[in-house]
Amino acid sequence: MYAIVESGGKQYKVEAGQLLHTEKLNVAPGETVELDKVVMVRTDDGKVLVGQPYLTNVKVTGTVVEHARARKVLVGQFIPRKGHKTIKGHRQWYTTIKIEKIEVK
């Protein structure tokens, strides 16, 4: 069974037991989180449920594992013949969630 959930403006395909990296959530590590914006679910017997836009009878729960920062992304600007060069780095925060279960009511 898998589901497609929306979190942080992005859609993710999740299964039970999977680790999911999303945009940073304001939840302490160790707490449970419920992803309620479920777009689609495929059950074990092959049935596909699609929401318009979201499913109301499906609940995806998980536990927050950690908050961390991603690898550094370098952003640069170069102006030729002027001797100007600027490089800045950025590291985005993310939250790791362990998906516990997908429930269809």
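Me: How many bridges join β4 to β7, and do the two strands run parallel or antiparallel?

Reply: As a general idea, strands of a sheet pair through backbone hydrogen bonds, and the pairing is either parallel or antiparallel. In this predicted model, β4 and β7 run antiparallel and are joined by four bridges.

Me: How many bridges does β1 share with β2, and which residues are partners?

Reply: Strand β1, residues 2–7, pairs with β2 in the antiparallel sense over six bridges.

Me: Which residue other than glycine has a positive phi near 65°, and where is its place?

Reply: The residue is Arg81, whose phi is positive and near 65° although Arg81 is not a glycine. Arg81 lies in the loop between β8 (73–79) and β9 (84–90).

Me: Is Arg81 buried or exposed?

Reply: The reading rests on relative accessible area: under 20% is buried and over 50% is exposed. Arg81 has a relative accessibility of 82% and therefore counts as exposed.

Me: Is Thr22 buried or exposed, and which residues does Thr22 touch?

Reply: Thr22 has a relative accessible area of 2%, so Thr22 is buried. This residue belongs to strand β3, residues 19–23. Leaving aside residues up to four places away in sequence, Thr22 touches Ser7, Tyr12, Tyr94, Thr95 and Ile97.

Me: What does His67 show when accessibility, contacts and distances are read together?

Reply: His67 is found in strand β7. Its relative accessible area is 23%, and therefore His67 is partly exposed. Beyond residues up to four places away in sequence, His67 touches Lys24, Leu25, Val27, Pro29, Trp93, Tyr94 and Thr95. Two of these neighbours can be examined at the level of polar atoms. A polar atom of the His67 side chain lies 2.6 Å from the backbone oxygen of Val27, and the side chains of His67 and Thr95 make a polar contact at 3.0 Å. His67 and His21 are 46 residues apart along the chain, and their C-alpha atoms are separated by 9.4 Å.

Me: How many residues does the largest nonpolar core have, and which have the most contacts inside it?

Reply: The largest nonpolar core has 17 residues, and those with the most contacts inside it are Ala3, Val5, Val14, Val38, Val60 and Ile99. The elements giving two or more residues to this core are β1, β2, β4 (32–35), β5 (38–42), β7 (58–69) and β10 (93–104). As for Val5, this residue touches Lys10, Gln11, Tyr12, Val14, Leu35, Lys37, Val38 and Val60, not counting residues up to four places away in sequence.

Me: Which peptide bond is cis?

Reply: The bond from Gln52 to Pro53 is cis, with omega near 0°. Pro53 is found in strand β6.

Me: What can be said of the protein as a whole?

Reply: The protein has zero helices and 10 strands. Its radius of gyration is 19 Å, whereas a compact globule of 105 residues would have one near 13 Å. Along the principal axes, the C-alpha atoms fill a box of roughly 65 × 30 × 20 Å. Of the 105 residues, 27% count as buried. Among contacts between residues at least 6 apart in sequence, 64% join residues at least 24 apart.

Conventions:
Residues are numbered from 1 along each chain as its sequence is written. This is a predicted model: local features need pLDDT of at least 70, side-chain atom pairs count only at pLDDT 80 or more; totals for chains, interfaces and linings use all residues. Side-chain values use heavy atoms; hydrogens and water are left out. Two strands pair if DSSP finds at least two bridges between them. Buried means under 20% relative accessible area, exposed over 50%, partly exposed in between (1.4 Å probe, protein chains only). Contact means heavy atoms within 4.5 Å. A nonpolar core is a set of buried Ala, Val, Leu, Ile, Met, Phe, Trp, Tyr and Cys residues joined through side-chain atoms within 4.5 Å. A polar contact is a pair of N or O atoms within 3.5 Å; within protein, one must be able to donate a hydrogen and the other to accept it, and residues adjacent in sequence count only if both atoms are side-chain atoms. The radius of gyration is taken over C-alpha atoms; the globule rule is 2.2 Å times the number of residues to the power 0.38.
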